[in-house]
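The sequence and structure come first.

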Amino acid sequence: MTRDKELRLALVCYGGISLAVYMHGITKEIWRLARASQAFHAGASPPDAHTGSAGIYRALLDEIEAETGVRLRVLVDIIAGASAGGINGVFLGQAISTGQSLEPLTQLWLDSADVEALIDERQAPTTRFSKAWALPLAWVAARSADGVEATVESGARDEVRAKLSHFIRSRWFEPPFGGERFTGLILDALEAMAAAPRAPRLLPPGQPLDLFVTVTDFRGHPERLTLHSPPEVVETEHRVVVPFSDHGIACETLADPAELAFAARATSCFPGAFPPFMVGELDRVLKDRTTTWPEREAFLKRILPRQYAANAAETAVLIDGSVLNNAPFRPAIEALRERPAQRQIDRRFVYIDPHPRGSFGFGTGGDKSPGFFQTIIGAMSELPRQQPIRDNLEDIADRSRRIERMRTIIAGIRPEVEKQVEGLFGYTLFLDSPTPARLAAWRQRAQNAAAKSSGYAYAAYGHLKLTGVVEAITALLDGVGSEAKPHTNAHVRNRIESAVAAQGFDDPKGGFAGGVGQTTIVFLRTFDLGFRLRRLRLLARRITELEGNHPETELGPIREAVYASLSDYLECKRSDRYAALLPDVSAVDGDAAALLERLGTALRLRDLDTATDTRLAAAFASLSRGVKRPILLTYLGFPYYDVATLPLLQGEGLDEFDPIKVDRIAPDDATTIRSGGAEATLKGIQFNSFGAFFSRAYRENDYLWGRLHGAERMIDIVLSTLDTDQRLKPGRTAAIKRAAFLAILDEEADRLTAIPGLFETLRREIG
C-alpha cells in the first residue's frame with residue numbers, strides 16, 4: 001500500500017565570499033531535485049526535469065516508491081542565508097516560489113563573478129605603481145604576492161597574477177568593487193531568470209515559501225530594554241533580517257525585483273571589498289534602467305521600521321550579513337511555527353557550509369603564533385563568521401525532544417481519552433451521521449466534560465489558555481501598529497488585559513477549577529485562534545497515522561477538509577489583514593474595549609467554525625465506520641489532550657508535529673569521489689576565499705564541484721528518510737550516485753571549457 005511522505009528542507013546558507021560560485025552549484029542541485037519531485041507527483045513537467053541529474057532524481061523517487069511503498073515528495077519551503085549564502089538564497093527562493101529557472105544564472109556567475117567585472121572603474125589603478133603600498137589587510141594576511149607560485153596551477157598563473165596585480169593596485173582608500181555595478185548584475189540575473197521558460201511553482205498550494213536574508217546595520221538603531229533598575233535602557237541593535245514570503249500563493253515574483261536586489265546586494269557586500277549599501281544606490285541604478293519601484297516606501301517601512309520612524313531609512317548604512325549572523329538558524333526556526341502539514345513530515349534543517357575549517361586555520365594545530373595582521377583580520381571578520389552553531393543545534397534538539405514528549409503523552413493517554421468520549425456519548429455518536437449542528441453540540445459537550453473531569457489541573461490550563469489568547473491578541477495588534485509606533489507591545493498588552501478584566505472575563509488571578517464562566521467562554525469563542533489550530537493539527541496527525549491501514553482514496557476527503565479549514569484559520573494570523581485597525585492601535589491610550597470588539601469582528605472565528613463544521617460533516621459522511629470512529633474520537637477528545645499538553649509545551653510542537661533532523665552539505669561530507677575537503681577540491685578558498693574572483697578556471701572548478709557535492713549529499717538525505725526496514729537493494733546507492741555524477745559531467749562538458757583536465761580526472765575517479 002502506497003504511503004505519502006514529505007521531506008521538507010529548511011536551508012541555512014553560510015557566507016563564503018567567492019565560494020558563492022560553489023554554493024550556486026549546490027543550490028542548483030537542490031532546485032533540480034525539487035523540480036524532479038514535482039514532476040514525479042504531477043506526472044507532467046518541463047523536459048529538463050527528466051534529463052541530466054534531475055532525471056536521476058526522478059528515477060530515484062520512482063525506485064523508492066516501487067521498493068518501499070513510500071511516495072516521497074521533496075520540498076524546499078524555508079531558506080535563510082547570509083552574504084554569499086544570502087545572494088544564493090534570494091535566487092533559489094525566487095525559483096522555488098515562481099517556478100523560474102536557475103539555469104540562466106550559471107553563465108552569469110561564470111562570466112561576472114570576476115575581479116575585472118566587479119572592480120569599480122573609478123577605483124581602477126591609474127598607473128602600474130598606483131597605491132601599490134596600500135595593500136588591504138586581507139591580502140597581507142594571505143600573503144597573496146608570494147602565494148601564486150605555491151597555490152595556483154601553472155595553467156592559471158598568468159591570469160591570476162595579472163588580475164591580482166590589477167586588484168592590489170586599485171585605490172584601496174575606497175572599496176575596489178563597484179556597488180552600483182554589483183547591484184546591476186543582480187538585477188540582470190533576476191531579469192534573466194524571469195525571461196527564461198518557467199515551470200509551475202515548486203510547492204503545493206497553501207505551502208508558503210519563507211526567505212530570510214541577514215544584513216548588518218552599520219550605525220545600528222536603538223532598541224529599548226526593560227530592566228528592574230533602571231526601568232528602561234536603550235541599546236544599539238545592528239542585526240537586521242530581511243524577510244520575504246509568498247504565503248503559499250502562486251505569484252509572478254516572490255517580491256519586487258528591486259526588493260530582492262536590495263536584500264542580495266546588502267547581505268553580500270563584504271567589508272572592504274564592496275562599499276556599504278544605501279538605498280540611494282539602488283534608486284540610481286533603477287533610474288538608469290528606467291525601472292520603477294512602486295512599493296519602495298512600504299518596503300523600507302517594513303524592513304527598517306525603527307529607522308523609518310526616525311526618518312533615517314534613507315541614510316541607513318548596511319553591510320555584509322555574515323558580520324554578525326553568518327549562520328541564520330534563528331529566523332528559520334521561527335518560521336516553523338504555523339506550517340501546514342498534510343501528511344507525514346520528515347523535517348530537515350540543511351546547512352550549507354562551503355569551508356568548515358575556515359581560511360586562517362585557527363585552532364588547527366601548529367606552535368606558531370598568528371601574526372599581527374592575521375590576528376586583526378581574524379578578530380574582525382573570520383572568527384565571528386566561524387562561530388560554532390552549537391546553540392542553534394541545541395535549540396533544534398530541545399524542540400525535537402518537546403515534540404517527542406508530546407507525541408508520547410498523547411499516545412499514552414489516548415486509550416483513556418477515547419474511553420471518556422465513548423462514555424460521554426455512548427454508541428449514538430457512531431450510529432448517527434455527524435451534521436454541522438451535531439458536531440458543534442458534541443464539541444461543546446466534550447469541552448465541558450473535559451473541564452469538569454480535569455479537576456485542579458484545569459486551573460493551570462485555564463490560566464495559560466487565557467494568558468496565551470491575550471498574548472496572541474497583543475502580537476497581532478503589535479504587528480498592525482509597529483510601523484507607526486515601534487514600542488507599543490507592553491502598552492497594548494496592558495490595555496488589552498484591562499479591557500478583558502473590565503468586561504467581566506475571568507481574572508487570571510482567579511480560579512478555573514471545574515471550568516470557566518460563560519463570559520470567558522464567549523471571549524474564547526471570539527478570540528481563541530490557537531485552540532482551533534491545535535485541534536485541527538492533532539486531527540491531521542491522527543489521519544496520517546491511519547494511512548498505513550486505509551487507502552488514500554478514503555482518507556483524502558477528510559484530509560482536504562482539515563487542511564482547507566487550517567488554511568482559513570491561519571490566514572487570521574496575518575497582521576496585514578487588520579490594517580483598518582491601525583488608527584485604533586496607534587491611539588490605544590485609554591479603554592481598549594472598542595479595539596477589542598473591532599478585532600473580534602475582523603477575526604470572524606465563529607463564521608470559520610461554521611464553515612469548518614460543514615466541511616468536516618460532509619467529509620465524515622464519506623468515511624466507513626472503521627475510519628470514522630478513531631477520527632471522531634480524536635476530534636471530540638481534543639479538549640482532554642489539550643489540557644494535558646498545553647501547560648507542558650505551551651503550544652509548541654503542534655504544527656508539523658515531527659522532530660527535526662539536521663544535515664550539513666560541505667566539501668568534508670561529500671567524499672565518494674574525492675576526500676580531503678575544500679583543500680582537495682575547491683580553488684575559491686585561496687586568497688582568503690577571494691580566489692574564484694581571479695580565474696575563470698577556478699570558478700568553473702568550484703561550480704562543478706558544487707554540483708557534484710550537492711548531488712551526493714541530496715541523494716544521501718533523500719535515502720535517509722527511509723525507515724530502517726525500508727532500504728534499496730545492496731549497491732544501489734553507489735550506482736545512483738555514480739549515475740548522477742556522470743550525468744552532471746555530461747551536462748557541463750560543453751560549457752566548462754577552461755577545465756578539460758578536471759573532466760578527465762573526475763571520470764577516472766568516478767570509475
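## Helix H26

Helix H26 covers residues 605–621, and its 17 residues, at 1.5 Å a residue, should span 24 Å, which agrees with the 24 Å that separates its end C-alpha atoms. The expected span here is 1.5 Å times one less than the number of residues, and helices (H or I, at least four residues) and strands (E, at least two) are DSSP runs numbered from the N terminus. The model is a predicted one, in which local features need pLDDT of at least 70 and side-chain atom pairs count only at pLDDT 80 or more, while totals for chains, interfaces and linings use all residues. Residues are numbered from 1 along each chain as its sequence is written, and side-chain values use heavy atoms, with hydrogens and water left out.

The buried residues of H26 are Leu605, Leu608, Asp609, Thr612, Asp613, Leu616, Ala617, Ala619 and Phe620, where buried means under 20% relative accessible area, exposed over 50% and partly exposed in between, with a 1.4 Å probe and protein chains only. Seen down the axis of H26, these buried residues fall within an arc of 170°, so they line one face of the helix; the arc is that of the directions from the helix axis to the C-beta atoms. An α-helix has 3.6 residues a turn, so residues three or four places apart point the same way. On the face of H26 turned away from the buried side are the exposed residues Ala618 and Ala621.

## Parallel strand pairing

Strand S1 (residues 3–13) is mostly covered, with 11 of its 11 residues buried. In a regular strand the side chains alternate between the two faces of the sheet. From S1, Arg3, Lys5, Leu7, Leu9, Leu11 and Cys13 point one way, whereas Asp4, Glu6, Arg8, Ala10 and Val12 point the other way, and all are buried. S1 pairs with S2 in the parallel sense over 11 bridges, two strands being taken to pair if DSSP finds at least two bridges between them; within this pairing, Leu11 stands opposite Ile79 in S2.

S1 also pairs with S6 in the parallel sense, over nine bridges. Leu9 has Arg348 of S6 as its bridge partner, and Val12 stands opposite Tyr351 in S6. Strand S6 (residues 344–352) is itself mostly covered, eight of its nine residues being buried, and it pairs in the parallel sense with strand S7 (residues 660–665) over six bridges. Val350, which lies in strand S6, is buried with a relative accessible area of 0% and stands opposite Asp663 in S7. Val350 and Asp663 are 313 residues apart in sequence, yet their C-alpha atoms are 4.7 Å apart in space.

## Individual loop residues

Ile17 has a positive phi of about 55° although it is not a glycine. Ile17 is placed in the loop between S1 and helix H1 (20–42), and it is buried, with a relative accessible area of 16%. Ser83, also a residue other than glycine, has a positive phi near 55°; Ser83 is placed in the loop between strand S2 (70–82) and H3 and is buried, with a relative accessible area of 3%.

Glu295 is found in the loop between helix H11 (279–288) and helix H12 (296–303), and at 46% relative accessibility Glu295 counts as partly exposed. Between Glu295 and Ala258 the separation is 37 residues in sequence and 9.4 Å in space, C-alpha to C-alpha.

A cavity is defined on a 1 Å grid over the protein atoms alone, as a set of points where a 1.4 Å probe fits but cannot get out, and its lining residues have an atom within 4 Å of a point. Grid points are joined across faces, edges and corners, and a volume is the space filled by probe spheres set on the points. By this rule there are seven cavities of 30 Å³ or more, and the largest cavity has a volume of about 300 Å³.

The largest cavity is lined by 21 residues, of which Ile87, Trp109, Ala113, Leu118 and Phe182 lie nearest its centre. Helix H3 (84–98), helix H4 (103–112) and helix H9 (179–195) each supply at least two residues of this lining. By class, the lining of the largest cavity has 17 nonpolar, three polar and one charged residues, with Ala, Val, Leu, Ile, Met, Phe, Trp, Tyr, Cys and Pro counted as nonpolar, Asp, Glu, Lys and Arg as charged, and the others, Gly among them, as polar.

How values were computed
On a 1 Å grid over the protein atoms alone, a cavity is a set of points where a 1.4 Å probe fits but cannot get out, and a pocket is an open set with protein on both sides within 12 Å along at least five of seven lines; lining residues have an atom within 4 Å of a point.
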